[in-house]
Amino acid sequence: GFAGDPEADFRAVVWHRDLPTEFSRDALAEADALADGIVAEELQGRVDLRDRCFVTIDPASARDHDDAVFVEPAEGGCLRLWVAIADVSHFVREGSALDRGAWLRGNSIYFPGRSIPMLPERISSDLCSLRPDVDRLVLAAELEVDGEGSIRTAHFHEAVIRSQRRLSYQEAEAGMKSAEEG
């Protein structure tokens, strides 16, 4: 292809860096065998945060939404910041074909208009995507932040959330400006 052509550039980088673009049959079979939704046993021992108004904030073009935030007032003029990250470890067991494939890839790789995900789409764009109005298993950090922005306390939980909204950076910024003005 011609230099500057996105498809040619993509293929050149994949070839030059020997990037894997396909998943093993075993990894795909493991991903396909995962249950849809959450079963009651998976909630045992998790903190239920579904009543809080978590939102994801990502670029408008983002395909995966694996983290969400929620802020609420805390004692002494502090804020309680909750940061929830999709619990990938719940779906990718150590030593599994999914784990071995993710280990070889190391991370997802993003190109203009496309990506090479670290995990099959069933996991990255479905089970670990914090979609609005869908219960999802997460690892959550509960941080109490004072008026200076210092973290006073930090606790970590296995939890379940239900994201309320998907925001772009622009929407989040507009919402913060509106709150400051109001």
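E7 is partly exposed in this predicted model, with a relative accessibility of 31%, and its side chain forms a salt bridge with R114 in which the closest N and O atoms are 2.7 Å apart. This pair links distant parts of the chain, since E7 belongs to helix 1 (residues 6-17) and R114 to strand 6 (residues 114-116), 107 residues apart.

**Salt bridges around E144**
- The side chain of E144 meets that of R80 in a salt bridge, with an N to O distance of 3.7 Å.
- Because R80 lies in strand 4 (residues 79-86) and E144 in strand 7, this pair ties together parts that are 64 residues apart in sequence.
- E144 counts as buried because its relative accessibility is 15%, which is under the 20% cut-off.
- E144 also meets R152 in a salt bridge, at 3.8 Å from N to O, and salt bridges that share partners join D51, R52, E72, R80, E142, E144 and R152 into one network.

**V145 and its surroundings**
- V145 is found in strand 7, which covers residues 135-145, and this residue is buried, with a relative accessible area of 18%.
- Leaving aside residues up to four places away in sequence, V145 touches C78, L79, S150 and I151.
- V145 and G77 are 68 residues apart in sequence, while their C-alpha atoms are 9.2 Å apart in space.

Key:
Residues numbered from 1 in each chain as written. Predicted model: local features only at pLDDT ≥ 70, side-chain atom pairs only at ≥ 80, totals over all residues. Heavy atoms only, no water. Helix = DSSP H or I, 4+ residues; strand = E, 2+ residues; numbered from the N terminus. Buried < 20%, exposed > 50% of the residue type's maximum accessible area, 1.4 Å probe, protein only. Contact = heavy atoms within 4.5 Å. Salt bridge = Lys/Arg side-chain N within 4 Å of Asp/Glu carboxyl O.
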